[in-house]
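Local features are taken up one residue at a time.

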Amino acid sequence: MSHQQSRTRPGSSGTVLSEAYDTALLDLDGVVYTGGRAIEHAADALGVARDGGMHLAYVTNNALRTPDAVAAHLTELGIPAEASDVITSAQAVARLIADQVPAGARVLVIGGEGLKVALRERGLVPVDSADDSPAAVVQGYGGPDLAWSRFAEASYAIRRGVPWFASNTDLTIPSERGIAPGNGAAVEVVRIATGAEPQVAGKPLPPMHRETILRTGAKRALVVGDRLDTDIEGANTGGVDSLLVLTGVADAAQVLSAEAKHRPTYVDADLRGLLRGQPEVVEGEGEFTCGGWSASVRGGALAVEGEGEPMDALRALCAVAWTEAGDGACGLEMGEALKAAGLE
């Protein structure tokens with residue numbers, strides 16, 4: 001098992017990850033499913049991990065759907081889940097708002113049903129208009145068809161001095177057709193119109209981590225995600241180990257370029273990584289090796305040679321890139337190394 005302070009190379013684990021950690025805190029979009037479809041190998045891998053005793057919790061910045069709806073969708077995909085297994089940024093932001101406004105206060109909702117259900121759970125009353133005397137405005141992803149007039153409604157209330165909250169600020173969201181604008185893009189619209197700044201609850205910020213730990217009771221948690229700026233940064237902020245999977249937003253080049261706060265403990269191709277130990281990256285003279293690969297810097301560029309699992313090549317390259325970069329982002333040329341490792 002790795003240690004949080006070590007981020008100049010990926011961590012190693014002689015124990016299968018699903019046995020080394022008691023709870024997997026799994027992101028959904030780009031990790032378990034994309035759009036309406038399960039990602040390849042996800043259902044089988046999660047089933048094996050669950051049958052082995054690992055608690056699976058689904059932690060999503062997407063505030064659109066209720067935990068009941070998410071659990072039903074997962075179950076349809078062959079991943080049995082209860083609503084209590086699902087933690088959303090809507091729940092985190094509802095708790096944040098409830099801590100700051102009177103019980104029973106009205107909250108102007110710019111988003112979907114997930115936000116409304118989470119607010120009611122905290123004893124707050126969702127409303128639709130700036131003229132309904134809201135004590136707060138909350139903004140969350142409302143799907144691709146959210147009307148432009150909703151952003152105007154938020155702006156009217158915020159300009160009157162009503163405090164503004166956002167479930168999350170992810171600029172993008174994976175869809176079956178590609179990468180689409182996320183709630184962060186919608187938040188930017190309201191920010192431009194008002195000049196205000198929202199209080200944000202979702203990953204990578206502490207309110208989401210607090211909500212997750214309160215609801216799961218995890219003792220040895222492993223965050224599993226596809227985004228460096230939310231999942232992995234959130235894990236690092238919370239002092240929790242992480243597994244990055246390359247089935248969503250982040251690709252190999254972005255992992256190599258990651259600054260310290262965005263570096264995962266482990267990296268693997270998909271959720272089958274939960275069912276494996278993680279090989280050690282060994283430092284040699286001017287190079288790092290992992291599996292059948294050795295990586296180094298040659299002529300101002302990352303270089304790798306050998307054969308075997310491409311993920312082992314990536315792990316060795318991460319050690320070189322992260323060591324060279326210190327706490328910052330690696331600026332070395334990496335195209336040829338990615339091609340040589342079959343990671344493009």
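Ser133 is exposed in this predicted model, because its relative accessible area of 60% is over the 50% cut-off. Ser133 sits in the loop between β7 (125-127) and β8. Its phi is near 55°, a positive value in a residue that is not glycine.

His41 also has a positive phi, of about 75°, and is likewise not a glycine. The loop that holds His41 runs between β3 (37-38) and α2 (42-51). With a relative accessible area of 28%, His41 is partly exposed.

Most residues other than glycine have a negative phi, and most peptide bonds are trans. A peptide bond of the cis kind links Lys203 to Pro204, with omega near 10°. Pro204 is placed in the loop between β12 (199-200) and α8 (206-216).

Two further positions concern burial. Is Asn62 buried or exposed? Asn62 counts as buried, because its relative accessibility of 18% falls under the cut-off of 20%. Asn62 belongs to the loop between β4 (55-60) and α3 (67-76). The side chain of Asn62 makes a polar contact of 3.5 Å with the side chain of Asp29. Apart from neighbours within four places in sequence, Asn62 is in contact with Asp29, Thr88, Ser89, Tyr141 and Ile173.

Gln139 is part of strand β8 (residues 136-139). Gln139 is buried, with a relative accessible area of 1%. Which residues touch Gln139, leaving aside neighbours within four places in sequence? The contacts include Ile110, Leu115 and Phe151.

The accessibility values are collected below.

| Residue | Relative accessible area | Class |
|---|---|---|
| Gln139 | 1% | buried |
| Asn62 | 18% | buried |
| His41 | 28% | partly exposed |
| Ser133 | 60% | exposed |

On the backbone side, the positive phi values belong to His41, at about 75°, and to Ser133, near 55°. On the side-chain side, the polar contact listed is that of Asn62 with Asp29, at 3.5 Å.

Conventions
Residues are numbered from 1 along each chain as its sequence is written. This is a predicted model: local features need pLDDT of at least 70, side-chain atom pairs count only at pLDDT 80 or more; totals for chains, interfaces and linings use all residues. Side-chain values use heavy atoms; hydrogens and water are left out. Helices (H or I, at least four residues) and strands (E, at least two) are DSSP runs, numbered from the N terminus. Buried means under 20% relative accessible area, exposed over 50%, partly exposed in between (1.4 Å probe, protein chains only). Contact means heavy atoms within 4.5 Å. A polar contact is a pair of N or O atoms within 3.5 Å; within protein, one must be able to donate a hydrogen and the other to accept it, and residues adjacent in sequence count only if both atoms are side-chain atoms.
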